[in-house]
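Let's take a walk through this one together. Have the sequence and the coordinates open as you read.

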Amino acid sequence: MSTMGLLLHLDRTLDELDPPRWPDPPSDTTHLVRTVHALRRVPLRELRPADLRTLVSQQVALPYVVPLAVRLLLEEPLLDACFYEGDLLLATVNAPATVWDLLPELAEQLRAVASALPESAYTDLPSGAAEEIGRFVARRQHS
């Protein structure tokens, strides 16, 4: 989906854009499952960085969620969405390659931003994060 196409859907929810609608979660489910189900009912424009990190990490409706995350990351690559600086970046670069195949322009934009981070940016990230980001940067679109 193009960025322009996504902007046209900002008033819609993931349940509307990514059928089928999800039923209410079972009453004995985890907090995370309840959260993800609830986030699918929030209009895209109301999703906060922490919400995007959760949805990307749980691989929910990625063609709709990843462009929103990348839009934030292009402005602030080490955005602290919930747990630590760079958590949204780390979740996003770990999205499956198939998502990036659908969004090649966004992938290249995010690669450019991530590759421009100074080495000092990695000092406060969790162990292995620099390698994960490096793998994403090194991955190129297959023509």
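What follows goes from a pair of helices to a loop and then to the aromatic rings.

Keep in mind that this is a predicted model. Start with helix 3, which covers residues 31-39. Its buried residues are V36, H37 and L39. Look down the axis of helix 3 and you'll see those buried residues fall within an arc of 165°, so they line one face of the helix.

What do the buried residues of helix 3 pack against? Their partner is helix 4, residues 49-57. In the contact between the two, L32, V36 and L39 come from helix 3, while helix 4 brings D51, T54 and L55. As for the geometry, the axes of helix 3 and helix 4 sit 10 Å apart, and the packing angle is about 110°. Since angles of 65 to 115 degrees count as roughly perpendicular, that is how helix 3 runs relative to helix 4.

Now move along to A95, in the loop that links helix 6 (87-93) and helix 7 (97-102). Is A95 buried or exposed? Its relative accessibility is 4%, so A95 counts as buried; the cut-off for that label is under 20%. Setting aside neighbours within four places in sequence, A95 touches V66, W100 and R139.

From A95, hop 16 residues along the chain to R111: the C-alpha atoms of the two are 13 Å apart. R111 is worth a look for its side chain, which lies over the face of F136, at 4.7 Å from the ring centre.

Key: Residues numbered from 1 in each chain as written. Predicted model: local features only at pLDDT ≥ 70, side-chain atom pairs only at ≥ 80, totals over all residues. Heavy atoms only, no water. Buried < 20%, exposed > 50% of the residue type's maximum accessible area, 1.4 Å probe, protein only. Helix = DSSP H or I, 4+ residues; strand = E, 2+ residues; numbered from the N terminus. Arc of directions from axis to C-beta. Contact = heavy atoms within 4.5 Å. Lys NZ or Arg CZ within 6 Å of the ring centre and 35° of its normal. Axes fitted to C-alpha atoms, helices over the stretch in contact; angles between N-to-C directions. Parallel < 35°, antiparallel > 145°, perpendicular 65-115°, else oblique.
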